[in-house]
Amino acid sequence: EGLGVRTATVREVLRRAPRKALVELAAGALAYRFINQTSPSPSLKYHGGRSLAKAKAVVLSPTERYLVSEEYKRRTLARFSADELITVAVTQPTVMLARSEINTPVKTVHTRFAPLGNLVFTRDQQIVTGKGIILGSLNSPQRHGESAVLRQCWAQLGFPLAADLPQLSSTARLEGGDFFPLGPRLSLIGVGLRTNLEAVQLLMDRDLFGTTTVAVVHDRLDRNQDRMHLDTVLNIVDEYRVVVLEDILGPQSPKRRMVQRYARDRATGRYALNGSEVELSAFLRQEGLQVIPATNTQQLAYFINFVNLGVPPQDLAMWANRRPMILGVHPELPAVLARHGFKGRTLYVNYSGITAMYGAAHCTTQVFRVPPRRRLGSAKPLLLAASPAAPLSPTASVDPMGIGGSRWSAYRAPFLAAAGVLVALMVRRLGRASRM
């Protein structure tokens with residue numbers, strides 16, 4: 001709030017959603033299971049990304065069938081308050097039922113919960129390209145329910161999806177921590193532990209990147225949880241500089257990343273492989289980017305996990321003050337960036353409540369910009385708005401990086417024209433847990 005940014009939690013946004021939408025969201029998260037209490041050791045199966053007891057087959061009466069039906073579920077949820085429906089959506093309960101000998105036809109034996117404990121990492125559920133918001137499909141089964149929650153958040157904010165990956169493929173995996181837009185010409189996307197090549201190919205086939213070149217950064221040799229996403233080893237400072245984990249640099253590194261370029265044909269709109277693959281540091285030099293190395297110790301302390309907030313709204317009126325602001329969680333970051341020529345401002349914040357969960361500032365935000373004519377009714381930027389937003393036109397100019405600069409001027413203009421709106425998703429954590 002001190003930076004002139006309005007903030008709201010996912011819950012606050014969902015409270016404004018139509019009641020029917022909340023009932024449907026909760027219905028997708030709530031499951032009933034009828035169990036046979038004579039079965040002492042139930043087997044396990046997955047439902048919505050969580051392990052459940054699977055009972056021996058039970059022949060249900062018509063009344064019992066109705067009590068575990070979708071119709072009855074929605075009839076029950078229709079009586080819930082908005083907050084209760086949201087709680088169901090983010091805790092994903094499964095109610096285990098059995099026959100009752102007295103009083104009621106069935107009884108609750110126990111209830112299992114699979115809370116969306118990683119929902120705080122709002123970088124991952126989507127990416128924002130030059131074509132708009134692409135809802136992703138998370139790799140870990142326990143995170144699958146997050147896409148439905150963020151789908152409803154974007155709908156309530158008034159921003160249509162350019163694509164909904166879970167509706168397009170059951171096997172493509174796409175997580176926002178693997179994606180960086182570098183202006184209208186280039187997109188970087190990592191393929192490794194989380195995002196798979198099928199998702200990248202699907203986005204290229206549908207021309208959803210909105211850039212003339214897509215650089216696929218392959219993690220074939222490392223594939224380590226400490227470096228699960230591209231944003232754990234690389235981040236964009238501005239149009240001239242990138243921070244990269246030094247351990248992955250160089251053709252001899254056992255953790256090296258290799259890059260394949262795909263160029264878009266203007267006539268057909270199709271992407272095709274352009275040249276042979278190249279090691280990441282060589283690729284970055286070819287792009288004219290200065291590499292700022294980060295040590296392994298710094299990387300493990302989230303030195304690389306910062307977010308560029310662009311130019312604060314209070315500085316837009318004076319050209320001389322239009323310096324981007326970086327929000328970082330490592331105390332050494334401001335001095336290191338300044339030493340390497342970064343002229344913006346770097347703000348250090350204590351983010352220990354989130355770093356304890358295996359993420360930091362970049363992991364917990366998702367950023368894009370809306371042109372001034374599409375403002376949300378406030379001069380302030382927005383962190384997951386608490387009020388409805390005007391729809392974002394599919395053809396509206398989008399500045400996902402918020403960096404500006406002459407090399408990316410096509411992405412810069414809409415914001416600098418006069419207080420375009422930054423939108424970043426951020427939610428409070430649901431509890432202490434390791435990121436999956």
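Predicted model: local features only at pLDDT ≥ 70, side-chain atom pairs only at ≥ 80, totals over all residues.
Let me start with helix α4, residues 70–77, where K73, T76 and L77 are buried, buried here meaning under 20% relative accessible area, with exposed over 50% and partly exposed in between, for a 1.4 Å probe and protein chains only. Helices are DSSP runs of H or I with at least four residues, strands are E runs of at least two, and both are numbered from the N terminus. Seen down the axis of α4, the buried residues fall within an arc of 95°, taken over the directions from the helix axis to the C-beta atoms, so they line one face of the helix. The cover over those buried residues includes α2, β2 and α5.

Residues are numbered from 1 along each chain as its sequence is written, and side-chain values use heavy atoms, with hydrogens and water left out.

L77 brings us to the largest nonpolar core, which has 34 residues, and in which L14, L77, V149 and L150 have the most contacts; such a core is a set of buried Ala, Val, Leu, Ile, Met, Phe, Trp, Tyr and Cys residues joined through side-chain atoms within 4.5 Å. Two or more residues each come from α1 (10–14), α2 (19–29), β2 (31–34), α5 (82–91), β5 (93–99), β8 (132–135) and α6 (146–157). Apart from this core lies another, of 33 residues, including F303, I304, V336 and F342. In soluble globular proteins, nonpolar side chains tend to be buried together.

What does V149 touch, leaving aside its neighbours within four places in sequence? With contact defined as heavy atoms within 4.5 Å, V149 is in contact with V10, L14, L25, A89, L116 and L119. S147 is found in helix α6 and is buried, with a relative accessible area of 4%. Leaving aside neighbours within four places in sequence, S147 is in contact with L135, G136, S137, L138 and P166.

Turning to the strands, β10 (residues 179–182) is covered on both faces, with F179 and P181 buried on one side and F180 and L182 buried on the other. In a regular strand the side chains alternate between the two faces of the sheet. Strand β10 runs antiparallel to β11 (residues 186–191), to which four bridges join it, where pairing requires that DSSP finds at least two bridges between the strands. The bridge partner of L182 in β11 is L186, and in this hairpin, with three residues between the strands, G183 takes a positive phi near 85°.

As a contrast in setting, N224 is found in the loop between β12 (213–218) and β13 (234–236), and is partly exposed, with a relative accessible area of 29%.

Finally, a word on confidence: the chain averages a pLDDT of 82, and 75% of the residues score at least 70, pLDDT being the predictor's confidence in each residue, from 0 to 100. Over residues 39–53 the pLDDT is below 50, and this stretch has 34 contacts in the model beyond near neighbours in sequence. Over residues 373–433 pLDDT stays under 50, and there the model has 195 contacts beyond four places in sequence.
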